Amino acid sequence: KLSVSPEVDIMDYCRKEWRGNTPAAKRMRKGYEAVAQKFASIRRIRGDNYCAFRATLFQALSQATQLPMWLQSENFTMLPESLLSKYDWIKQWQLRQKPGKRMGEISDEIKEYLILLRKKWKNISEIKGPLEKQEACDELFKNEEEEYSLYEALKFLMLNTAIELYNADKSGKRVPVFSWLLFARDTSSNPCQLMQNHLNHIGHSGGLEQVEMFLLAYALQYTIQVYRLYKYSTDEFITLYPNDPEEDWPVVTLITEDDRHYNIPVRMCQETML
């Protein structure tokens with residue numbers, strides 16, 4: 001099974017998927033038509049509760065031209081040790097491949113995943129030709145073991161970001177609005193609960209919820225722009241995570257029909273590029 005299917009014409013895809021004359025089908029077709037003003041093709045993302053990670057990371061890597069600053073920092077790979085030394089509860093972290101293994105034993109493995117993320121990002125960003133870059137991304141997303149290790153790294157970065165935001169808020173600093181919403185949920189009133197009830201389940205029994213898309217964007221320091229097709233003709237049709245992005249954050253674009261599964265638009269139309 002391919003993680004990221006080969007590209008197909010966006011309107012061909014839409015006509016195949018949405019044939020009927022129901023209001024929902026009509027709205028989807030209008031939504032796809034709007035996307036087709038900007039992008040020529042679509043690539044389907046495998047749906048297994050990791051699709052938001054898969055779509056975002058694939059888009060980020062396929063347009064990467066340099067290593068983000070946060071990946072260059074000396075302390076980056078020391079995160080698991082440094083967080084574990086402060087927060088004993090992180091020992092309850094669940095690794096996808098090894099459910100039931102204690103975090104005390106796996107901080108080295110998370111460190112390896114972070115090193116892998118840095119290495120892959122660096123290698124792909126150094127490839128100059130767009131075709132070769134695309135091939136390298138396709139290759140990476142065919143390697144299941146590496147792919148899931150990268151998602152484990154992303155989850156851990158989300159936890160780290162959540163802890164930073166939570167502590168900033170507690171010490172009276174300004175935090176983005178989504179951070180309040182994240183910790184206003186009964187199931188995640190603090191980072192420990194967020195890990196136990198949400199992050200540990202991503203990829204197993206659920207995907208990313210809306211508020212967690214914000215957290216992913218902050219962890220990567222990327223703006224995630226999403227065409228939400230079922231919201232066509234409302235002001236939520238194109239949603240940005242975060243909605244007040246930093247100007248220097250790169251932008252990746254995803255498509256969703258239901259806020260649960262994400263695909264990716266590719267090949268920007270010429271006029272759009274100008």
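Reader: Are α8 and α11 roughly parallel or roughly perpendicular to each other?
Author: First, this is a predicted model: local features need pLDDT of at least 70, side-chain atom pairs count only at pLDDT 80 or more, and totals for chains, interfaces and linings use all residues. Residues are numbered from 1 along each chain as its sequence is written, and side-chain values use heavy atoms, without hydrogens and water. The packing angle is about 95 degrees, and angles under 35 degrees count as roughly parallel, over 145 as roughly antiparallel, 65 to 115 as roughly perpendicular and the rest as oblique. So α8 and α11 are roughly perpendicular.

Reader: How far apart are the axes of α8 and α11?
Author: Axes are lines fitted to C-alpha atoms, for helices over the stretch in contact, with angles from 0 to 180 degrees between N-to-C directions. For helix α8 (residues 144-170) and helix α11 (residues 210-220), the axes are separated by 9 Å.

Reader: Which residues of α11 make this contact with α8?
Author: Contact means heavy atoms within 4.5 Å. On α8, the partners are Leu154, Leu157, Met158, Thr161, Ala162 and Leu165. On α11, they are Glu212, Leu215, Leu216, Tyr218, Ala219 and Leu220.

Reader: How many helices and strands does the protein chain have?
Author: Both are DSSP runs numbered from the N terminus: helices are H or I with at least four residues, strands E with at least two. By that count, the protein chain has 12 helices and six strands.

Reader: Is Trp93 buried or exposed?
Author: Trp93 sits in the loop between α5 (79-86) and α6 (103-125). Buried means under 20% relative accessible area, exposed over 50%, and partly exposed in between (1.4 Å probe, protein chains only). Because its relative accessibility is 0%, Trp93 counts as buried.

Reader: What is the phi of Asn49?
Author: Asn49 is in the loop between β2 (39-43) and α3 (51-62), and counts as partly exposed at 31% relative accessibility. Its phi is positive in a residue other than glycine, near 70 degrees.

Reader: And what about Asp259, is it buried or exposed?
Author: Asp259, in the loop between β5 and β6 (262-268), also has a positive phi, about 65 degrees, although it is not a glycine. At 13% relative accessibility, Asp259 counts as buried.
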